[in-house]
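Here is a short note to read alongside the model. Please keep the sequence and structure open as you go through the points.

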Amino acid sequence: MIDTFGISRVIEPKGAIPVTAWKIDNKREINEREIRISTRLVHMEKSSFEQICYECGYEEERIKAKIIDIIHKRGKLHNPFTDSGGMVYGRIEEIGKIFREKRPWYNIGDEVLCNTTITSVPLFIEKIEAIDYNYGELIIKGYTILFENSPMFKKPEGLALNYTMTTLDEAGSIYSISTLVKPGMRILILGKDLVSTMVYIGSVKKALGDNCYILTIMDNEACGSLTIKQIESAILKYADRFRVVDVTNPISSVEEIMQEDSQLMDFTINCEDLSGSEVLSVLMTKTKGSLYFTNLKNGYSKAILIAESMGKEITTYSLDQYYEGYESFTIQLLNEMRDALDEINNLYENSKRAHNFGNKAAAQRNINKTNRIDDFVFASPVTKALTDQVINIANYDCNIIIQGETGVGKEKILELIHKNSNRKSNSCVKINCANIQDNLAESEFFGYESGAFTGAQAGGKKGYFELANNGILFLDEIGQLSPALQSKLLRVIQEGSFYRIGGTKPINVNVRVICANNIPLHKLVEEGKFREDLYYRLNICSIDVPPLRERREDIYCLAEAFLAKYNKQYGLCKELTGDALKRLASYDWPGNVRELENKMHRIVINISTNIIDIADVDMIINESIYSDIAFDLKTSFSKSAGIDFGKIIENQEKKLLEYAIKQEGSTRKAAAFLNMTQAQLMRKKKKYGL
């Protein structure tokens, strides 16, 4: 097969094509059928951009680092969580021989837009210089490799790149809709943002002129950095009616809309991917009307079932495929709407409001993506990769080291291994080595014979290794074992046999040893605190469990799971608001999953109302700081007849700073938490050497 769309660039898995591959080769050198674009602007699909922003706590430096990390791992900007991409703009800097022969109208230095998804093309980013949150666009220094058949065209003159790229990302649907709408129709556009909503209105108007009625609806979190009044003013210059509703509450939203006009719509365009939009769309569309979904994530299949359940006959359409030349229609439309779109750009540029990231979309994306293996709940692609690794390793009957901070869920990983291994029908003995007294350790591990020492049980006692025979022995905090016991442990693992205390016959065992430690064992080996030979016997496979702050998507589903658990335990029906979930997700959780469960348990017990809001979450998260400070002060008073006021104030200020920085995860957020400027916090941080 002639490679016209990048098959030779696929690294993993072999046999895939670039758009479905996990990793592709983004090396700079090109072959004869390729072209390299010096890339200046990357437009990201909305759900992908918002998911990354959420995962990174809306911290710009973390967002940049996350995007570059995705490209480093995959060779392309392909968000594994949303499975969506975007498009790029740049200048041609090198053209392959065959590419030039096939497409001779392109020359080095031409400014081009690539309107194929960036999930299918190699991309390298050296630096992200800025982020435009209104359009989900990255100003970068880097390059993109395109292929012989990659859709691309020269940059149109006179149009701003931001709204041009946003519109081209929707071009297939924009063109298709213009061919489907008919004169005299009542048309509903359920928009996701101002620019794309305006373009869909423009597409309808281009086809029908004023011979139609257009109702535009947007969710109350879709305003970005603009006010509802500004959006309404822009839209009502072209549409007949505009409403802002809570899309996630479709029944009451429809009732509210119908109070003013009870007539249903002939043609509904659903651009919103919030859950609830599909219900609202079906309810607002008349029998024998048409419903068009502009992407596959906004409930197309669900809407068909909803309409069927209501006995409502509706013709449904979903986003259209690539058509050669549809960009010409889109560019013509943009030129006709240029004044209106330039005016929107001016609104964004002059807006004094911070960009409003919606809570609903983030919450729904993460809850809808919840995965469950037995009682192990997760949503993060990081955790998905971890569970895939764990289940694979479980099949190999070898020793394992599980590493991670306190509370990350190392025992949950152990349970996954046990349930998916060939030892699942045998026992899994769990031991915390930190709780074993040195003088009893040998008898606990290896057991003893009757009369082995004063106080020994008649008939002797089995040790941990015998209890775990043919199963798994889990040794938590193995780094706490004494050197002498480490030596004995090594011998058992090597030889598969041992002697009980006071015994004369060897006892043979077949045990899979899995151990865990908060401090990486290789560090203890370097410090001379752990035997190197034992380390290599144990470290056949190593599993690193990331802290909760590095897999924030999991916070949503874990919080909901813990809430459900304690609701059931106490016979309650409490719920978390979107703001409350977002606050939980923005906290860094130094105690990881264990701390999250503790806080959720406390929230259920201490909050009397059924609706748990952000203020309730803040109260529980922050409650310990004040009691800790009060305790420290009481301790200081009890130890001294007199006190040094200045020193005490300095100590408490330092503790507050430490707490805020640790909790909030960045100096900007910590400063806001303490109600001071970032510059003030940085000076105090430097003063106390934090």
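1. A contact here means heavy atoms within 4.5 Å. On that basis, 74% of the contacts in the protein chain with a separation of 6 or more are between residues 24 or more positions apart. Bear in mind that this is a predicted model.

2. Overall make-up. The protein chain has 27 helices and 25 strands. Its C-alpha atoms fill a box of roughly 100 × 70 × 60 Å, taken along the principal axes.

3. Burial and surface. The protein chain has 690 residues, and 52% of them are buried. Its accessible surface is about 31400 Å². Carbon and sulfur atoms hold 49% of that surface.

4. Main core. How many residues does the largest nonpolar core have? The count is 113. Those with the most contacts inside this core are I67, L77, L138, I187, L576 and L584. Helix α6, residues 194-208, gives the most to this core, with eight residues.

5. As background, nonpolar side chains tend to be buried together in soluble globular proteins.

6. Leaving aside residues up to four places away in sequence, L584 touches I555, A559, L576, W589, L596, M600, V617 and I621. L576 is also listed with L584 among the residues with the most contacts inside the largest core.

7. Charges. The protein chain carries 87 positive and 92 negative charges. How far apart are the mean positions of the positive and negative charges? They are 3 Å apart.

Key
Residues numbered from 1 in each chain as written. Predicted model: local features only at pLDDT ≥ 70, side-chain atom pairs only at ≥ 80, totals over all residues. Heavy atoms only, no water. Core = buried A, V, L, I, M, F, W, Y, C linked by side-chain atoms within 4.5 Å. Buried < 20%, exposed > 50% of the residue type's maximum accessible area, 1.4 Å probe, protein only. Helix = DSSP H or I, 4+ residues; strand = E, 2+ residues; numbered from the N terminus. Areas by Shrake-Rupley, 256 points an atom, 1.4 Å probe, with all protein chains shown as cover. Lys, Arg positive; Asp, Glu negative; His and termini not counted. Charge placed at Lys NZ, Arg CZ, Asp CG, Glu CD.
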